[in-house]
Each structure stands twice: as structure tokens, then as C-alpha cells.
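User: I have not seen this structure before. Please take me through it in questions and answers.

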Amino acid sequence: MMPVDVTKPNIARMYDYWLGGKDNFEADRAAAEAVRAQRPNIADQALDNKKFQTRAVSYAAGQGVAQFLDIGSGLPTSPVRAEGAEPLWLATHEAARAVIPDAVVAYVDYDPIAVVHSQALLGGGSPQVVAVGGDMRDPDAILADPAVRAAGFTPAQPACVILACILHFLDAPTARGVVHRLVEALAPGSYVAISVGYAPGHAGDDFARTYNAQDGPRIYAHSWDQVTALFDGLELVPPGLVDAATWQAGQAPPDAPAGQASMILAGLGRKP
Ligand SMILES: C[S@@+](CC[C@H](N)C(=O)[O-])C[C@H]1O[C@@H](n2cnc3c(N)ncnc32)[C@H](O)[C@@H]1O
């Protein structure tokens, strides 16, 4: 796992800050604001991404999938909400267990703070909900993790793997290799939910430079074709690959392809 240093900005904690969470430090907040100066809608995009995950997990659970692997799960930020109002999003185990009460959920991150906070806050003590340290670049180690297996996860049964806002921390061929290996290992009927930051024509711009100043992985700008290729071997659930803000399972695809605006591209693939 990566080392902990709260004096340097960290991507999990910056993301927590954009979502209105409390698990962040001064260095994270300063870096997050510098990124927001480059991309004023970054907090909205983080929220759209959370809502996409909630909908995708609910959909997969509704198809009978009872085990979920949330890779690069981040800090367990609770949605800020007005008293009495519905939460803006649900954690993976909350969305899954609203449909299948004993669903198995494993949260995986390589950031020890994210893992420890998730262990403390998620699952309410259920042995079928676990948080473990793991690196997405080694999918086989995650699939074989003893704590993930002890929770009841088995690749022999359909599963839903969530790779939300994490694959842009890998170059496109590496990201594709990670997804390919996971898909290969999963049972037919499994789902893979993917969201990726998408900013056509913005590679190497001030946003990327500011983002890469955080003390963690650099961000890569994947092309439309590179994001599409992540779903090779999978059937895209309608509406296909769209702005996370608009993704609703079963909806018709948009009339026009994604334009030049920056967005979180999101899709849910099913292994036939
Ligand atoms: C932007 S946050 C996204 C959190 C969550 N998936 C979501 O979309 O709400 C990215 C997370 O990916 C994690 N991460 C980055 N590279 C990773 C890697 N190689 N293996 C595991 N986790 C990683 C970071 O620690 C961070 O928690």
C-alpha cells in the first residue's frame, strides 16, 4: 500500500473534500481548490460519479448479482444532505443490500487511510462486507485476497466489479489490461461498472498539470476509443457509454455522441 503523509495532497482525500466530506487535511483542500480553479464543475462531476455508481450497483443487484468488488473505493464519504432528505448517493454495500440484504461487498484501495476508514465505517459489522488493501494493477491478488474470499466472494459466481474514477490513473494500455484480466476471471453474467474522467483535447493542459501536483498517481487523458476499448468482451447495458450525470440503466442512448465538454464517462458492461 502507499505510504501515509497528510502534509502532501492525496487524491482520495481531495475527492472526499469535493464531495463535502471531513476526511481531508489542509494540503488536500489547497490542492483540491487549485484543481477546482481549473475545472469549476469538478465537485459536480464527483457527485455525478457517485450517483452513477449507486444506479449501476442497484441495477446489477436487481439482475440477481449478489457480490460486489469496489476497486479504488476511496474514503467512505457520507453524502451531505438536508435533514430528512434522501441521501444523494449510497455506498456500494448500501445500494447492493437494499436489493439483496446479504450481498457480499469488498472495498479495495491501495491508500491505507481509505482502507482503515472504510473498515471502521462500512458494513455495520457484517462479515460479508470487508475493506482491504489492494492495488488495481494486480487484479489476481485482489481476486485471491484471503479477506475478500472469507467474506464469501468467489469468481465462480456472477459478480459486479466497480472501477469508478480510477482507470484514468493508468495509461490506456495498462487500464485495458487490468479490465481485460478481471473480465477474463469473472463468471458469465458478471458486470463491470466503469467511470473515467474524459476531457477531449485537454491532454497536458493546466488541469492535468495542477492535478498531477498531488502526491499520488498522475492522471491520463484517455480518448473516446480508448475508453470504449475498456468494454471489449462486454455487452454495454443501455444507454451505453455516456456522461455519468445522465446514466440510467435501460435508457435510450443519446442522439449525438459525447461532445468536447469535460465529463465523467460512465458505462456498465455485462459479460455474456
Ligand atoms: C477519485 S477516487 C475514486 C473513489 C471511488 N471509486 C469513487 O469513484 O467514488 C480514486 C481512488 O482510487 C484509489 N487508487 C488510485 N490508484 C489505485 C491503485 N493502483 N490501486 C488501488 N486504488 C487506487 C485512490 O487511492 C482513491 O481512493
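User: How many helices and strands does the chain have?
Analyst: The model is predicted. Counted from its secondary structure, the chain comes to 10 helices and 8 strands.

User: Which radius of gyration does the chain have, and why does it agree with a compact globule?
Analyst: A compact globule with 272 residues would have a radius of gyration near 19 Å. The value for the chain agrees with this, because it is 17 Å.

User: What share of the residues in the chain is buried?
Analyst: Buried here means under 20% relative accessible area. Of the 272 residues in the chain, the share that is buried is 53%.

User: Which helix gives the most to the shell around the ligand?
Analyst: The ligand is surrounded by 19 residues, and Asn-49 and Lys-50 are among the closest. At least two residues of the shell come from each of α1 (11-18) and α3 (42-62). With 3 residues, the helix that gives the most is α3.

User: Which residue has a side-chain N or O atom 2.9 Å from a nitrogen atom of the ligand?
Analyst: Tyr-110 has a backbone N or O atom 3.4 Å from a ligand nitrogen atom. The side chain of Gln-53 has an N or O atom 2.9 Å from an oxygen atom of the ligand. The side-chain atom 2.9 Å from a ligand nitrogen belongs to Asp-135.

User: How much of the ligand's accessible area does the protein cover?
Analyst: On its own, the ligand has 600 Å² of accessible area. The part of this that the protein covers is 98%.

How values were computed: Residues numbered from 1 in each chain as written. Predicted model: local features only at pLDDT ≥ 70, side-chain atom pairs only at ≥ 80, totals over all residues. Heavy atoms only, no water. Near = heavy atom within 4 Å. Polar contact = N/O pair within 3.5 Å; in protein donor to acceptor, adjacent residues only side chain to side chain. Areas by Shrake-Rupley, 256 points an atom, 1.4 Å probe, with all protein chains shown as cover. Helix = DSSP H or I, 4+ residues; strand = E, 2+ residues; numbered from the N terminus. Rg over C-alpha atoms; globule rule 2.2 N^0.38 Å. Buried < 20%, exposed > 50% of the residue type's maximum accessible area, 1.4 Å probe, protein only.
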